[in-house]
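Please read them beside the coordinates.

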Amino acid sequence: MTDLFEKLKNNRGPLGTFSKVAHDYFTFPKLEGEISNKMFFRGKKVLVWSLNNYLGLANHPEVRKADADAASQFGLAYPMGARMMSGNSNHHEQLEKEISSFMSKEDTILLNYGYQGMVSAIDCLVDRHDVIVYDAESHACIIDGVRMHMGKRFVYPHNDIASLEKQLARAQKLVAETNGAIMVITEGVFGMSGNQGKLKEITALKKKYKFRLFVDDAHGFGTMGKTGAGTAEEQGVQQEVDIYFGTFAKSMASIGGFICSTNDVIEYLRYNMRSQIFAKSMPMPLVIGASKRLELLKSKPELKDNLWKIVHALQDGLKKAGFNLGTTMSPVTPVFLSGGHFEAGNLVVDLRENYQIFCSIVTYPVVPKGVIMLRLIPTAEHTLDDVKYTVETFEKIRTNLREGKYDKEKVIMA
Ligand SMILES: Cc1ncc(COP(=O)(O)O)c(C=O)c1O
């Protein structure tokens, strides 16, 4: 028997173990100033490559004005309560209509938070007779939703369509006995690798197996497809995706999210989804702000064009310089290097302190031991000069790494 607090003190969790050395620098860093390509880190101006402000909407003057006007008119409280009880408004319903029309889907439900909405939707849509089949590299919110599922769940290796088919065959046998249904879950754009889910191949399997497809397109909404309607649009299978999740926290540079599907499915979610029925609805400035962002996303294709100009320049430049970018097929740009934890730490300190470049870093256990992944997120606000400077700097830090200039035993902070 142990005391709960004592246990937590002695086991801080995989990341918490490093909090004493990492806090305020590698973890919980503070980026200050206006959200843009250049911000301040510990008082120094840095070139930032780690914000999902893909379209540069965070500080667009029309967005800032819409947010401020709505906050001034409604405050943050209105409407009070959950949507079902007292927290509905014409603005909420209007935004849902606008999203449905943009996404070419029958109906939409707003989510007060993306993560929690995704967990709750998975929980709500299936019961113990049903089987979930999902991609192994799914985001934590999908994994958490799947954990709540009382029926069987079959996982397939990332984007491995042959394995998915095997799992569908297994699932089909099972649901024949339970009289259940099958739901496949994957992502549109995988946020770590930038790889696209193989939506076209997955939906083609519907000819052989009876299932519904739920796609989390957090990184694809606004960035992918001709109109920005996401990865399914990009792959030409918009109508074959049965349930579509998007967040307002990335290309829309706000908070909250939405799910689109048929009238029946959305009505079912409205009346059964616990995270929305038992929690306060989205405050008005977020609803009106999202509407303004969607209007700009639709009416200013140059924002997505600018994003992709930077994406192509950055990814082509890095590839030409011999960097391994893995399998990305989206703006998410991972750069894979070899080294241990401490080399990774020293490399990042060098990047931030001596070259004023701020990007995210991922090490074991998220990537295999000995792999350092630097993750760059290009946005419409970056410039070609930013790209040139970054590629040149990455070549320098790669040379330093190869020449053993980054200490392997400890991180030397500036
Ligand atoms: C793939 C994916 N799904 C869901 C979420 C959660 O979205 P939100 O930040 O809106 O809660 C994220 C955010 O990181 C994500 O990357």
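A disulfide is taken here as a pair of cysteine sulfur atoms within 2.5 Å. This is a predicted model, in which local features need pLDDT of at least 70, side-chain atom pairs count only at pLDDT 80 or more, and totals for chains, interfaces and linings use all residues. Residues are numbered from 1 along each chain as its sequence is written, and side-chain values use heavy atoms, with hydrogens and water left out.

Q: How far is the sulfur of C260 from the closest cysteine sulfur?
A: C260 is buried, with a relative accessible area of 0%, where buried means under 20% relative accessible area, exposed over 50% and partly exposed in between (1.4 Å probe, protein chains only). The closest cysteine sulfur belongs to C141 and is too far away for a bond, at a distance of 16 Å.

Q: How many disulfides does a search of the whole structure find, and how far from C141 is the nearest cysteine sulfur?
A: The search of the whole structure finds zero disulfides. C141 is in no disulfide, and the nearest cysteine sulfur, that of C124, is 15 Å away.

Q: Which strands stand at the edges of the open sheet of four strands?
A: Strands (E, at least two residues) and helices (H or I, at least four) are DSSP runs numbered from the N terminus, and two strands pair if DSSP finds at least two bridges between them. The open sheet has the order 1-2-3-12, with mixed pairing. Each edge strand has a single partner strand, so one side of each is left without a neighbour in the sheet, and these are strand 1 (31–32) and strand 12 (357–358).

Q: Which residue of strand 12 is the bridge partner of V48?
A: Strand 3 (residues 44–48) and strand 12 pair in the parallel sense over two bridges. Within strand 12, V48 has as its bridge partner F358.

Q: Which residue in strand 7 is the bridge partner of Y134?
A: In strand 5 (residues 131–135), five of five residues are buried; V131, V133 and D135 point one way, whereas I132 and Y134 point the other way. Strand 5 pairs in the parallel sense with strand 7 (residues 182–187) over four bridges. The partner of Y134 in strand 7 is I185.
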